[in-house]
Amino acid sequence: GIGWFLNSARRLKQSAYELAMKNKRDGSKKSKELLVHWLHQAALLGDARALFELGNHYRSKTNKKDPENLRKASQLFRLSALSGNSDAFLAYALGMARGHFGKKDLAEAFKFYKMAAGRGIASARRRTGVAYLHGLGVEKDVELGVKYLKVATKGNDRISWFYLGEYYYKVKEYQKGYTMFKQSAAFGTVEAFCQAGNCLRKLDEKEAAFRWHPSQTLNR
């Protein structure tokens, strides 16, 4: 019946992907050819991982100069994302935002950032927040931008802390800015040390600000 057919299809898809990965680990010239062959087989059966790996193949250094290969990479990443592969969401969205596949398309990039954000990916939540803050591919909405960045910080996304610090510094809420930069610095963002000091200077806490200078943080 239909159940047997679906189970067989799942087993075929899994087997094709496993064979592809086996050849990827081997690394020989023949194995690379077999890798692409089995990835195509798994992709035809709807394997999201295979679609993503094929996208990486067509986007690789040896294929980057060929517009047709970049077009294929774009389509494969998009299909992989829509099939549920989390890595593919960002690969496709970043490619569209930066013009890696041809012409930039910020609206398409935002669409996939937001979908990835809905899947709980912290960096996607950050990029969605930044897009809202600056109106990149979507109508500017500062409130929503700050909301997405705050949610991203719950996933310990250090760059989100930094962007929040920049926002609060811009609107002259220096105490909040200092708190955000301090958190970002705690996760290793070098630029956040200087910015934390700048916030303290604005708060007229010059001695404390001096301690945030990079030369003073080496012994922390």
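Buried residues are those under 20% relative accessible area, exposed ones are over 50%, and partly exposed ones fall in between (1.4 Å probe, protein chains only). The model shown is predicted, with local features needing pLDDT of at least 70 and side-chain atom pairs counted only at pLDDT 80 or more, whereas totals for chains, interfaces and linings use all residues. Residues are numbered from 1 along each chain as its sequence is written, and side-chain values use heavy atoms, with hydrogens and water left out.

**Figure 1. The salt bridge between Arg126 and Asp157.** A salt bridge is a side-chain nitrogen of Lys or Arg within 4 Å of a carboxyl oxygen of Asp or Glu; six are counted by this rule. In the pair shown, the closest N and O atoms of Arg126 and Asp157 are 2.9 Å apart. The pair links distant parts of the chain, 31 residues apart: Arg126 belongs to helix α7, and Asp157 to the loop between α8 (142-153) and α9 (158-170). Both Arg126 and Asp157 are buried. Helices are DSSP runs (H or I, at least four residues), numbered from the N terminus.

**Figure 2. Salt bridges of Arg71 with Glu68 and of Lys176 with Glu173.** The closest N and O atoms of Arg71 and Glu68 are 2.4 Å apart. Both residues lie in helix α4, three residues apart, or about one turn of the helix. Arg71 is partly exposed, at 37% relative accessibility, and Glu68 is partly exposed, with a relative accessible area of 35%. In the other pair, the side chains of Lys176 and Glu173 meet at 3.3 Å, N to O. Lys176 counts as partly exposed at 44% relative accessibility, as does Glu173 at 33%.

**Figure 3. Asn85 at the start of α5.** Asn85 is found in the loop between α4 (67-82) and α5 (86-98). With a relative accessible area of 11%, Asn85 is buried. A side-chain oxygen of Asn85 comes within 3.0 Å of the backbone nitrogen of Asp87. Such a polar contact is a pair of N or O atoms within 3.5 Å; within protein, one must be able to donate a hydrogen and the other to accept it, and residues adjacent in sequence count only if both atoms are side-chain atoms. Contact in general means heavy atoms within 4.5 Å. Apart from neighbours within four places in sequence, Asn85 is in contact with Ala48, Arg49, Phe52 and Ser80.

Figure 4. Of the 13 residues of α5, 10 are buried, so the helix is largely enclosed by the rest of the structure. The buried residues include Phe89, Tyr92 and Met96. Just after α5, Gly99 adopts a positive phi of about 75°.

**Figure 5. Aromatic pairs and an aromatic cluster.** Rings of Phe, Tyr and Trp (its six-membered ring) pair if their centres lie within 6.5 Å; planes under 30 degrees apart count as stacked, over 60 as edge-to-face and the rest as tilted. The whole structure holds 12 aromatic pairs. One of them is the tilted pair of Phe52 and Phe77, at 5.5 Å centre to centre and 50° between the planes. Phe52 lies in helix α3 (residues 48-59) and Phe77 in helix α4, so this pair ties together parts that are 25 residues apart in sequence. Phe52 is buried, with a relative accessible area of 13%, and Phe77 is buried at 0% relative accessibility. Tyr169 and Tyr174 form an edge-to-face pair, at 5.3 Å centre to centre and 65° between the planes. Tyr169 is partly exposed at 25%, whereas Tyr174 is buried at 15%. Phe52, Phe77, Phe89, Tyr92, Phe101 and Phe112 form one aromatic cluster.

**Figure 6. Segments with pLDDT under 50, including residues 4-9.** The predictor's confidence in each residue is given by pLDDT, from 0 to 100. The chain averages 86, and 84% of the residues score at least 70. Residues 4-9 stay under 50 and have zero contacts beyond four places in sequence. Residues 216-220 also stay under 50, with eight such contacts in the model. Where pLDDT is low, the predicted coordinates should not be read in detail.

Technical notes
Helix = DSSP H or I, 4+ residues; strand = E, 2+ residues; numbered from the N terminus.
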